[in-house]
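The sequence and structure come first.

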Amino acid sequence: PRAASRQLASALAANSVLARFPLLRGCVVAGAALFRPLFTTLGLKHVTPIPIALHSLSGTVLGVLLAFRTSQSYDRFWAGRQLWADVANSVRNLGRLAAANCKPSRYEALLRLMQAYPVALRQHLRGQRDMDEFEPYLETSEVNELSTADNLPLALTLSMSVLLADLRTDPSPGGSYLWYSCNEQVTQLTEVIARSEAIAGTPVPISYSRHSSRVVSMFTLMLPLALVGIMDSVPGTVLSTTVISWFLFGIEVIGHNIEEPFGLGGVRRPELLPLRRYSENIILDLQEENRIIERALRSPGKELEDAESAPAAVAESSAGVRIGVAGPVEVVGEEGSSAT
């Protein structure tokens with residue numbers, strides 16, 4: 001009996017499902033060590049079984065309870081995944097609009113903020129705070145300013161709004177529409193923060209989790225006493241109980257694991273969604289967009305267009321006005337007079 005108990009203990013310890021329930025595993029091992037000699041000596045005829053109808057009726061309720069528990073957890077998991085898909089779409093659209101329409105200085109500043117946003121959101125949802133991760137994307141002054149904020153992703157979206165604010169009063173054609181389009185993407189990024197916080201900060205009620213775990217435990221602990229009356233075999237009863245318990249506890253553990261898609265920042269509840277990989281892919285997409293825009297600006301067609309517009313620019317410059325990146329600037333004429 002001792003050798004069999006040690007083998008059973010090692011097998012249960014290696015089981016990834018029952019490893020989450022050390023108390024239950026200890027009870028199974030102790031019960032096997034105590035009652036196995038008793039069953040062998042006395043035989044099954046001395047064991048009084050309980051009616052199988054009890055488990056038949058309660059099994060239906062248990063199935064509905066586990067199905068509802070797992071369904072609610074999966075809804076939280078899928079909602080978290082959809083939020084990161086929204087982050088990727090909004091950041092890509094904002095980067096495309098800014099790269100094609102904004103001035104180079106504004107686009108470079110906005111690009112740094114967009115690259116830092118997925119990192120900030122991941123840290124915010126995981127309860128982490130590592131400012132060193134922002135150094136490859138932000139300037140030193142920007143990192144120091146960001147370190148004073150409590151909500152890192154919210155501070156980045158506010159910086160994006162401030163950076164795009166003057167587009168609303170831009171007199172150039174399409175300036176106000178560009179601001180509206182970019183601001184809509186920034187608004188979606190801000191909404192993602194609130195919806196993600198709702199998932200990360202509102203776990204499944206602990207009373208519901210405990211009740212479902214207790215029901216599964218009582219059902220499986222009483223199951224051998226119900227099966228022993230109809231199977232008339234100790235090995236068959238033990239094997240059937242083990243398989244059914246593995247099924248039920250597996251469903252219970254799945255519900256516990258996927259209810260926190262972002263994790264809790266610790267070893268006990270690691271992240272289920274690969275947030276680091278998601279954020280790295282978003283940053284790589286932004287960098288690829290930047291390279292595509294740069295190649296488009298250096299294309300032969302663009303160079304030909306610049307060459308054709310050069311005479312007009314010279315004539316305009318001789319009239320005393322020059323259009324630069326920052327708009328109209330002052331030009332000094334041949335006689336020392338200036339015009340704007």
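A salt bridge is taken here as a side-chain nitrogen of Lys or Arg within 4 Å of a carboxyl oxygen of Asp or Glu. By this rule the count comes to 10. The model is predicted: local features need pLDDT of at least 70, side-chain atom pairs count only at pLDDT 80 or more, and totals for chains, interfaces and linings use all residues. Residues are numbered from 1 along each chain as its sequence is written, and side-chain values use heavy atoms, with hydrogens and water left out.

**Fold and surface**

The protein chain has 11 helices and three strands. These are DSSP runs numbered from the N terminus (helices: H or I, at least four residues; strands: E, at least two). Of the 340 residues, 35% count as buried; buried means under 20% relative accessible area, exposed over 50%, and partly exposed in between (1.4 Å probe, protein chains only).

**Nonpolar cores**

A nonpolar core is a set of buried Ala, Val, Leu, Ile, Met, Phe, Trp, Tyr and Cys residues joined through side-chain atoms within 4.5 Å. The largest has 50 residues, and Tyr117, Phe134 and Met160 have the most contacts inside it. Among the helices that each supply at least two residues of this core are H3 (52-101), H4 (104-126) and H10 (275-297). H4 gives the largest share, 11 residues. Leaving aside neighbours within four places in sequence, tyrosine 117 is in contact (heavy atoms within 4.5 Å) with residues including Val87, Leu156, Met160 and Ile193. Another core, of six residues, lies apart from the largest one and includes Leu66, Val216, Phe219 and Leu248.

**Salt bridges**

| Pair | Distance (N to O) |
|---|---|
| Arginine 69 and glutamate 259 | 2.9 Å |
| Glutamate 260 and arginine 76 | 3.7 Å |
| Glutamate 133 and arginine 276 | 3.6 Å |

Arginine 69 is in helix H3 and glutamate 259 in the loop between helix H9 (234-258) and H10, 190 residues apart. Arginine 69 is buried at 2% relative accessibility, and glutamate 259 is buried at 6%. Glutamate 260 lies in the loop between H9 and H10 and arginine 76 in helix H3, so this pair ties together parts 184 residues apart in sequence. Both glutamate 260 and arginine 76 are buried.

Glutamate 133, in the loop between H4 and H5, and arginine 276, in helix H10, are 143 residues apart. Glutamate 133 counts as buried at 18% relative accessibility, whereas arginine 276 is partly exposed at 41%. Arg112, Glu139 and Glu142 are linked in a network of salt bridges.
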